Amino acid sequence: MARSFFQVGACPRCGASRHGERWLCARCQEELSPRCTAPHALAESEISVVYSPYRYRDELGELLREAKRARCFPPLKTMRALVGHYAESTLGDLSVDDVVPIPPRWRSVRERGFHIPLLFARTIAEAALRRRLSRSELGLLRWRSLRAARVQKFLSAEERAENMHGCFTSPHRALSGRAVLLVDDVVSSGATLRAAAKSLAERSPARIEAFALFHGSSSVGEKNQ
Ligand SMILES: [Zn+2]
């Protein structure tokens, strides 16, 4: 069943036939292989490990900017392929129960027609856990306040933390004994993931980890290398 999620076809990055590979062709995968895969901790948070394989710069950062700016699908497919390959090769052994995307700011979804953390979360569930994302996982985290709809890009780390404080709520289910993987596209100051984890922590999960495809230059990942 899991096989059917991914059609083997042309490499989304270069267009070459993939010869049976599910994500990128071998050459593209090699060219885009992460240089810094070591998972790291996120200081002052409930998150024990952050998996963030790529730096948000050069061609890879451009993929994300292009996908957002132009509602562009080829960069989305390439990013999904990177997430899928990483999830299969690195996150496959994780014992994660719930995969939880950072929820969308609805205005940006209306504008773009997609929500990147949701696409990544789906890909991780399919590639690492061999199942679809469930409805309950999608309901685990909500925006409580739209203050955080402010664009974070221009704020300092302290301002971001302040901006995100109390912005999420985690309704419904108890998470006791469960391991949760939070999913975002970029971790920069970590303010979004921290706020989300704080809200989930009220449900007493056994463990909270996080995945973000990219880390910014100011992020925890750089400091810990
Ligand atoms: Zn290729």
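1. Two residues are said to be in contact if their C-beta atoms, placed from the backbone, lie within 7 Å. Helices (H or I, at least four residues) and strands (E, at least two) are DSSP runs, numbered from the N terminus. A residue is called buried if 20 or more other C-beta atoms lie within 10 Å of its own, exposed if 12 or fewer, and partly exposed in between, with the C-beta atoms again placed from the backbone.

2. Please keep in mind that this is a predicted model, in which local features need pLDDT of at least 70 and side-chain atom pairs count only at pLDDT 80 or more, while totals for chains, interfaces and linings use all residues. Residues are numbered from 1 along each chain as its sequence is written.

3. On confidence, pLDDT is the predictor's confidence in each residue, from 0 to 100; its mean over the protein chain is 83, and 87% of the residues reach 70 or more. Confidence is highest in strand S3 (residues 98-101), at a mean of 96, and lowest in helix H9 (residues 220-223), at 43. The pLDDT is below 50 over residues 1-5, a stretch that has three contacts in the model beyond near neighbours in sequence, and it is also below 50 over residues 220-225, where the model has 14 such contacts. Where pLDDT is low, the predicted coordinates should not be read in detail.

4. As for the overall make-up, the protein chain has nine helices and seven strands, and buried residues make up 42% of its 225 residues. Of the contacts in the protein chain with a separation of 6 or more, 72% are accounted for by residues 24 or more positions apart.

5. Helix H2 (residues 58-70) has 13 residues and reaches 18 Å from its first C-alpha to its last, close to the expected 18 Å, where the expected span is 1.5 Å times one less than the number of residues. Which residues of H2 are buried? They are Leu-60, Leu-63 and Ala-67, and because they cover an arc of only 45° around the axis, they are on the same side of H2; the arc is that of the directions from the helix axis to the C-beta atoms. An α-helix has 3.6 residues a turn, so residues three or four places apart point the same way.

6. The buried residues of H2 pack against strand S2 (54-55), helix H3 (73-89), helix H5 (116-128) and strand S7 (207-215), whereas the face turned away from the buried side carries the exposed residues Asp-58, Arg-69 and Ala-70. Asp-58, which lies in H2, counts as exposed because it has 9 C-beta neighbours inside 10 Å, and its phi is near 55°, a positive value in a residue other than glycine. H2 is followed by Arg-71, whose phi is also positive, near 50°.

7. Helix H5 has 13 residues and reaches 18 Å from its first C-alpha to its last, close to the 18 Å expected. Eleven of its 13 residues are buried, so H5 is largely enclosed by the rest of the structure; among them are Ile-116, Phe-120, Arg-122 and Glu-126. These buried residues of H5 pack against H2, H3, S3, strand S6 (179-187) and S7, and just after the helix Arg-130 takes a positive phi of about 60°.

8. Two packed helices are described by the angle between their axes and the distance between the axes. The axes of H3 and H5 come within 8 Å and cross at roughly 40°, the axes being lines fitted to C-alpha atoms over the stretch in contact, with angles that run from 0 to 180 degrees between N-to-C directions. The contact is made by residues including Leu-76, Arg-80 and Val-83 of H3 and Leu-119, Phe-120 and Thr-123 of H5.

9. Thr-123, which lies in H5, counts as buried because it has 27 C-beta neighbours inside 10 Å. Not counting residues up to four places away in sequence, Thr-123 touches Arg-80, Val-83, Gly-84 and Ala-87. How many residues apart in sequence are Thr-123 and Ala-87? They are 36 residues apart in sequence and 8.0 Å apart in space, C-alpha to C-alpha.

10. Ser-204 lies in the loop between helix H8 (191-201) and S7, has a positive phi near 55°, and counts as exposed because it has 11 C-beta neighbours inside 10 Å. Ser-156 has its place in the loop between strand S4 (142-143) and helix H7 (157-164), and with 10 C-beta neighbours inside 10 Å it counts as exposed.
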